[in-house]
Amino acid sequence: MSGELSPIDTAKFVAAKRAVEFVEDGMRVGLGTGSTAAWMVRCLGELVREAGLTVTGVPTSSRTADLARQQGIKVVSLDEAKWLDLTIDGTDEFDADLCLIKGGGGVHLLEKIVATASDRMVVIADPSKSVDQLGAFPLPIEVIPFGWQTSKSLVEELLTSMDVLGQTTTLRMNGDRPFISDEGNYIIDLHLKRIGDPRRLSMVLNQIPGVVENGLFIDICDVVVVGHGDGRVEVSDINEGTFEEDRIEFVDTDNIFKDV
Ligand SMILES: O=C[C@H](O)[C@H](O)[C@H](O)COP(=O)(O)O
């Protein structure tokens, strides 16, 4: 293993390295956002440059689009690609049913659109993302700026009848201004501590008109790849009911930091 990476970065790197093995020549691939997904974009870029893999990437954020282009990956919009073979993305939490909380970086709306338009979603994670029950990580909801305080109040009222442990809500800030998503919306974080029924919560949150999308991914993720700091990788496929253990023996980070 490389001596240069911290255990957490090694975990993210080996998960990403294993996940790009799902990518086949000619595939249209959804590219997630976040620190773990960034490793995946670099690993994919290495395959494109060094192994001649042909892929078309659909990025889920401007950040990922910039990184993908820098890595030599062809980038198109979702409407140009129309449908994707595979999406690989990180997560903030996942449970045993492969339900997720995403949106820690404020990008869950585009990530959910892209993952839903894919035959398969592979999530890459370090072990800290695995939870028995979702909710310790704040659940983001993207809201339209118009009337956002009213939408926030409606969400708070709704939470009183939900199976959750906490009910605090906060507007996500960027310094002294509201954080603005790539789509020009605000993010409200729901500090729920424990979500008893993620499926129901996801459905009812999206019924509030000012809520564009929430960060719960239910029945969207097919495979989770968990990397460890010692190079071990675990691959769980919820549809096949399979669990495999693997190991990435050698981490060569020189190639993946090359720009084209
Ligand atoms: O909005 C951000 C995305 O949902 C990320 O995939 C998620 O927050 C995980 O990010 P990271 O890999 O940096 O922990």
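Helices and strands here are DSSP runs, numbered from the N terminus: a helix is H or I over at least four residues, and a strand is E over at least two. The model is predicted, so local features need pLDDT of at least 70 and side-chain atom pairs count only at pLDDT 80 or more, while totals for chains, interfaces and linings use all residues. Residues are numbered from 1 along each chain as its sequence is written, and side-chain values use heavy atoms, with hydrogens and water left out.

**Stop 1: a strand residue**

Select Val-122. It sits in strand 7, residues 121-125. Is Val-122 buried or exposed? Val-122 is buried, because its relative accessible area is 0%. Buried means under 20% relative accessible area, exposed means over 50%, and partly exposed is in between (1.4 Å probe, protein chains only). Val-122 and Ala-68 are 54 residues apart in sequence, and their C-alpha atoms are 18 Å apart in space.

**Stop 2: the ligand**

Colour the shell by class.

Next, look for polar contacts, which are pairs of N or O atoms within 3.5 Å. Start with Glu-111: an N or O atom in its side chain is 2.6 Å from an oxygen atom of the ligand. Move to Lys-129, where a polar side-chain atom lies 2.7 Å from a ligand oxygen. Then pick Gly-103, whose backbone has a polar atom 2.9 Å from an oxygen of the ligand. How much of the ligand's accessible area does the protein cover? The ligand has 370 Å² on its own, and the protein covers 90% of that. Accessible areas come from the Shrake-Rupley method with a 1.4 Å probe.

**Stop 3: two positive phi values**

Most residues other than glycine have a negative phi. Select Lys-82, which is not a glycine but has a positive phi of about 70°. Lys-82 is in the loop between helix 4 (78-81) and strand 4 (86-89). Lys-82 counts as exposed because its relative accessible area is 64%.

Go on to Asp-219. Its phi is near 55°, a positive value in a residue other than glycine. Asp-219 lies in the loop between strand 14 (216-217) and strand 15 (223-227). With a relative accessible area of 59%, Asp-219 is exposed.

**Stop 4**

Select Glu-4, in the segment before helix 1 (7-19). Glu-4 is exposed, at 65% relative accessibility.

Select Ile-113 in helix 5, residues 108-116. Ile-113 counts as partly exposed, because its relative accessibility is 43%. From Ile-113 to Leu-78 is 35 residues in sequence and 8.9 Å in space, C-alpha to C-alpha.

Finish at Val-211, in strand 13, residues 211-214. Val-211 is buried, at 5% relative accessibility. Leu-44 is 167 residues from Val-211 in sequence and 34 Å from it in space, C-alpha to C-alpha.

Notes:
Polar contact = N/O pair within 3.5 Å; in protein donor to acceptor, adjacent residues only side chain to side chain.
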